[in-house]
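Dear colleague,

Please read them with the structure open beside you.

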Amino acid sequence: MANQNNPHQHPEAVQAVVVSHLRSEVEVATLSSQGEPSERLRCFQRSRSIEVVTGDRVLIERDPEHPERGVINEVQPRRSLLQRRNRSGVVQTICANLDLLLITIAPDPEPHADLIDRYLVAAELDGLDAAVVLNKCDLTAARQPEIQSLIDLYEGLGVQVFSCSAVAGVGLDALRNLIGDRTAALVGQSGVGKSSLLNALLPEAAAEVGSLSGKRNRGHGRGRHTTSTVRLYPILGGVIIDSPGIRELTPEVTDPTRLITGFPEIDSAARTCRFRNCRHDREPDCGVSEALADGRIDARRWRSYRILEAEIRTGRG
Ligand SMILES: Nc1nc2c(ncn2[C@@H]2O[C@H](COP(=O)(O)OP(=O)(O)OP(=O)(O)O)[C@@H](O)[C@H]2O)c(=O)[nH]1
Ligand SMILES: [Mg+2]
Ligand SMILES: [Zn+2]
């Protein structure tokens, strides 16, 4: 270990990954020599200069008197970050060091396609892979035309769509293969079955799943959300992160001119506009208007883009 050569480094520096962070309590898992999460410890942060989030790689020091406890001395550089802006414009970090976003939807609750677009933007701008996971495919018959047109739209944009069912045990091997040795986060609306999928892939996760009536969590000021913290689970060489459901997402876009790259079909049409500063409104020879007219750009995707663009311009989520 590095500390054998460096007398100034703490003698007990241990590599770990943050499993969850709730208020002042941080749960970490020490990393084996293969880099796999193993032993769990409860830690606190020595310095609050960096807020640790689930997925962070940290250096910890064990408490000599309580081996199940420790102190986080250092947060290592992050290779990626999933961030959002809340309604007051404050940037919140959801998790760190992700490779893959699993944008989970279901026939019920009804998918919000704009939310899918926003996750795809976050993935594009943060350099993450993304796939749409259509869970509850055992229920798809109820909304067949709407669901099929969503699948067709996103597949047409080059996004892979995985149909599966946590309850019926369908499509789970494909998900396992997709995750492989990567760190993947299950994200999406509340009730689509993110925690159910986690449990189906990894029964020992024993994550809490929403009751069918949705009554149990009412009256706690959280609506019907079941999962309340972002939490990491090791799975066969990879990692799954389960996250609380959200209704809205304003991805953190530091360079607004890059937003359009999250909408590749609009981006490529806009490159053919006659005017470089075309506002795609009523300008002549506007590539976007042409693509909207002949169906290369879906009208809903265009609205979705414009709304997000306005939000980012005004700095509000
Ligand atoms: N029919 C059917 N129901 C499912 C399936 N997967 C999950 N459900 C049900 O959907 C409900 C919500 O599941 P959860 O796993 O708690 O959903 P979640 O996305 O984790 O919700 P939040 O934690 O609130 O974000 C539960 O009643 C599950 O039993 C499925 O594949 N088919
Ligand atoms: Mg959940
Ligand atoms: Zn134009």
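Two strands are said to pair if DSSP finds at least two bridges between them, and helices (H or I, at least four residues) and strands (E, at least two) are DSSP runs, numbered from the N terminus. This is a predicted model, in which local features need pLDDT of at least 70 and side-chain atom pairs count only at pLDDT 80 or more, while totals for chains, interfaces and linings use all residues. Residues are numbered from 1 along each chain as its sequence is written, and side-chain values use heavy atoms, with hydrogens and water left out.

Strand β1 (residues 14–22) runs antiparallel to strand β2 (residues 25–31), the two being joined by 6 bridges, and Val18 has Val28 in β2 as its bridge partner. Both strands belong to a barrel that 5 strands close in the order β1-β2-β3-β5-β4, with mixed pairing.

Helix α4 (residues 194–201) is mostly covered, since 6 of its 8 residues are buried, where buried means under 20% relative accessible area with a 1.4 Å probe, protein chains only. Those buried residues, Leu197 and Leu198 among them, pack against β8 (100–105), β9 (129–134), α3 (172–179), β11 (183–188), β12 (231–235) and β13 (238–242), contact meaning heavy atoms within 4.5 Å.

Lining residues of a cavity have an atom within 4 Å of a point on a 1 Å grid over the protein atoms alone, where a 1.4 Å probe fits but cannot get out. For the largest cavity, the lining includes Ile103, His112 and Tyr119, and β8, α1 (113–126) and β11 each give two or more residues to it.

With best wishes

How values were computed. Chains are lettered from A and ligands numbered from 1 in the order in which they are written. Buried means under 20% relative accessible area, exposed over 50%, partly exposed in between (1.4 Å probe, protein chains only). On a 1 Å grid over the protein atoms alone, a cavity is a set of points where a 1.4 Å probe fits but cannot get out, and a pocket is an open set with protein on both sides within 12 Å along at least five of seven lines; lining residues have an atom within 4 Å of a point.
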